[in-house]
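We will walk through it stop by stop.

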Amino acid sequence: MTTLRVPSLLPATALVLAFVLAARPAGAVQTRIIPIVANDVVYNPQDGMLYVSVPGLAPLYANTITRVNPVSGAIGPSVPIGSEPRKLALSSDGTALWVGLDGAGAIRKVDLGSFTAGPQFTLGSDPFVGPYFVDDMEVIPGAPNSVVVALRNQDTVRATWGSRPATTVSSVPP
């Protein structure tokens, strides 16, 4: 179970990470507050780490993907990722983390083995509503270089494979 709380000195969309460490007898739980601002967070069962998208306005680790050890509470390392990281999607094998970048209208993959960011893929734009942004995103199971992206501002599903630019694969009826 993950619990997120809005701090008073940060924008309403920023969240401070809090989570349940372990269940205790009779329903009691132990929680740990980690002092990091988060737009999104995923847990990787392969390495036991949390990965946090940290917004640009955060006082520390701004515009990064930051690794957090949920047991010790240790923060870092971080990888600079681009403007306003938000949505995260983890591959089924735990080797790749895809990141939606709201400031750039793009997506980018982080190789979790080397903890480095790959190339950035623009999601395009509409002449009337402007750039597209990630509404939701899922990595195709068994294919860490393939991700399906649902866009905001248009009912279209797009996918990208490896280093190829985003390609429309189907339209979703309104």
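In which strand does Pro77 lie? Select Pro77 and you will land in strand 7. Strands here are DSSP runs of E with at least two residues, and helices are runs of H or I with at least four residues, both numbered from the N terminus. While you are there, look at the peptide bond between Gly76 and Pro77: this bond is cis, with omega about 10°.

Before moving on, a word on conventions. This is a predicted model with residues numbered from 1 along each chain as its sequence is written. Local features need pLDDT of at least 70 and side-chain atom pairs count only at pLDDT 80 or more, while totals for chains, interfaces and linings use all residues; side-chain values use heavy atoms, with hydrogens and water left out.

**The whole chain**

Zoom out and colour by secondary structure: the protein chain has 0 helices and 17 strands. Of its 174 residues, 40% count as buried (under 20% relative accessible area; exposed is over 50%, partly exposed in between, with a 1.4 Å probe and protein chains only). The chain exposes about 8,800 Å², and carbon and sulfur atoms supply 58% of that area (Shrake-Rupley method, 1.4 Å probe; for residues, only the protein chains shown count as cover).

**The sheet around strand 7**

Ile65 stands opposite Val79, and Thr64 stands opposite Pro80. This hairpin has 6 residues between its strands, and Gly73 takes a positive phi near 85° there.

Two more backbone stops follow. Most residues other than glycine have a negative phi, and most peptide bonds are trans. Asn63, in the loop between strand 5 and strand 6, has a positive phi of about 55° although it is not a glycine. Asn63 counts as partly exposed because its relative accessibility is 23%. Glu84 sits in the loop between strand 7 and strand 8 and also has a positive phi of about 55° without being a glycine.

**Ser53**

Is Ser53 buried or exposed? Ser53 counts as buried because its relative accessibility is 0%. Find this residue in strand 5 (residues 49-54). A polar atom of the Ser53 side chain lies 2.8 Å from the backbone oxygen of Arg86. Leaving out residues up to four places away in sequence, Ser53 touches several others, including Val37, Asp40, Thr64, Ile65 and Leu88 (contact means heavy atoms within 4.5 Å).

**The core**

Show side chains for Tyr51, Ile65, Leu97, Val99, Val110 and Phe115: among the 13 residues of the largest nonpolar core, these touch the most other members. Such a core is a set of buried Ala, Val, Leu, Ile, Met, Phe, Trp, Tyr and Cys residues joined through side-chain atoms within 4.5 Å. Strand 5 and strand 9 each supply at least two residues of this core, and its largest share, 3 residues, comes from strand 9. Centre on Phe115, whose contacts beyond four places in sequence include Tyr51, Ile65, Pro77 and Val110.

Strand 8 and strand 9 run antiparallel, joined by 4 bridges, and Leu90 has Leu97 as its bridge partner.

Our last stop is Ser92, in the loop between strand 8 (85-90) and strand 9 (96-101). A polar atom of its side chain lies 2.9 Å from the backbone nitrogen of Gly142. Ser92 and Ala143 are 51 residues apart in sequence and 7.9 Å apart in space, C-alpha to C-alpha.

Notes: Polar contact = N/O pair within 3.5 Å; in protein donor to acceptor, adjacent residues only side chain to side chain. Pairing = 2+ DSSP bridges.
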